[in-house]
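User: I am new to reading protein models. Could you take me through some features, giving the general idea and then the case here?

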Amino acid sequence: IIESIHTASLLHDDVVDGAELRRGRPTAHSVWGNQVVILVGDFLYSNALRRAVSFKNQRIMEALSHATTTMTEGEIFQLQKSGDIGLKEEEYLKIISSKTGILISAACRIAAILGGCDAPKENALAAFGLKAGIAFQMADDILDYMADESTLGKKLGKDLDEGKITLPLIRLLKEVDGTQREEIKLIVERGLPEDGLKKILSLFDKKNILEQSLSEARRLIEEAKSELSVFPPSPE
């Protein structure tokens, strides 16, 4: 059920973003067209919820419906902020919490419900999932400026080319002077020409931005782990 919802969100996101590749392979809509892919995404969402109903558990349905609604809100908010170099770090965290963190949080909460956990343990697992999901998306966004396409299938600078302002750029904009900020603004507005990407990567290197950003993702992982302290030690 969770994987169906996740796949549906990726299908729809690629249509919204006009993405031609995902992990180095053609996106579904570039092969079959927008109409088919949007309908398949809708089917995956509705079928996931149909299957969830079979559990006859209101709390599971509440967790899933909250997650899917929040994911859509996150996508709309991200669209509103597309290309906005004034995006604040807390706004970025709101986007990735809504688009990625909330689904992993729901998966963890539902596991707790199915496992018969008490409220403190259920909430701890939900918090663990949220923070782990945020850290995952943060790391994925950082890899957008570091990845070897042949290894991860990610085109360098793809997010920025689509107008997505992520943590590394937000932190870089805090470090640069007024002239450099204007240069970055022009690069974003022009759709990331190759020399623009080189300029941004050079600034990342000078300011040690990518390592700083990865440190933040690592910090979140440690926070996520600490949420599990309510559970007794176990292999899991």
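Analyst: We can start with one residue. E211 lies in helix α12. Keep in mind that this is a predicted model.

User: Is E211 buried or exposed, or something in between?

Analyst: Buried means under 20% relative accessible area and exposed means over 50%. E211 has a relative accessibility of 36%, so E211 counts as partly exposed.

User: How far apart are E211 and I142, in sequence and in space?

Analyst: In sequence E211 and I142 are 69 residues apart, while their C-alpha atoms are 9.1 Å apart in space.

User: Which other residue can I read in that way?

Analyst: Take A132, which is found in helix α6, residues 119–143. A132 and K225 are 93 residues apart along the chain, and 8.5 Å separates their C-alpha atoms. Leaving aside neighbours within four places in sequence, A132 is in contact with I221 and A224. With a relative accessibility of 18%, A132 counts as buried.

User: How long is α12, and what span is expected for it?

Analyst: Helix α12 covers residues 209–226, which is 18 residues. From its first C-alpha to its last, α12 reaches 26 Å, close to the 26 Å expected at 1.5 Å a residue.

User: Which residues of α12 are buried?

Analyst: The buried residues in α12 are I209, L210, S213, L214, E216, A217, L220 and A224. They cover an arc of only 150° around the axis, so they are on the same side of α12.

User: What do the span and the buried residues look like in α10?

Analyst: The 12 residues of α10 should span 16 Å at 1.5 Å a residue, and the end C-alpha atoms of α10 are 17 Å apart, which agrees. In α10, Q180, I184, I187 and V188 are buried. Their arc around the axis is only 100°, which puts them on the same side of α10.

User: How do I describe two helices that pack together?

Analyst: Two packed helices are described by the angle between their axes and the distance between the axes. Here, helix α9 (residues 167–175) packs with helix α10 (residues 178–189) at an angle of about 150°, and their axes are 9 Å apart. Angles over 145 degrees count as roughly antiparallel. The helices α9 and α10 are therefore roughly antiparallel to each other.

User: Which residues of α9 and α10 meet?

Analyst: From α9, L169, L172 and L173 meet R181, I184 and V188 of α10. The residues of this contact divide into five nonpolar, no polar and one charged. Note that I184 and V188 are also among the buried residues of α10.

User: Where is N208?

Analyst: N208 is in the loop between α11 (194–207) and α12. N208 has a relative accessible area of 44%, so N208 is partly exposed.

Notes
Residues numbered from 1 in each chain as written. Predicted model: local features only at pLDDT ≥ 70, side-chain atom pairs only at ≥ 80, totals over all residues. Heavy atoms only, no water. Helix = DSSP H or I, 4+ residues; strand = E, 2+ residues; numbered from the N terminus. Expected span 1.5 Å × (residues − 1). Buried < 20%, exposed > 50% of the residue type's maximum accessible area, 1.4 Å probe, protein only. Arc of directions from axis to C-beta. Axes fitted to C-alpha atoms, helices over the stretch in contact; angles between N-to-C directions. Parallel < 35°, antiparallel > 145°, perpendicular 65-115°, else oblique. Contact = heavy atoms within 4.5 Å. Nonpolar A, V, L, I, M, F, W, Y, C, P; charged D, E, K, R; others polar.
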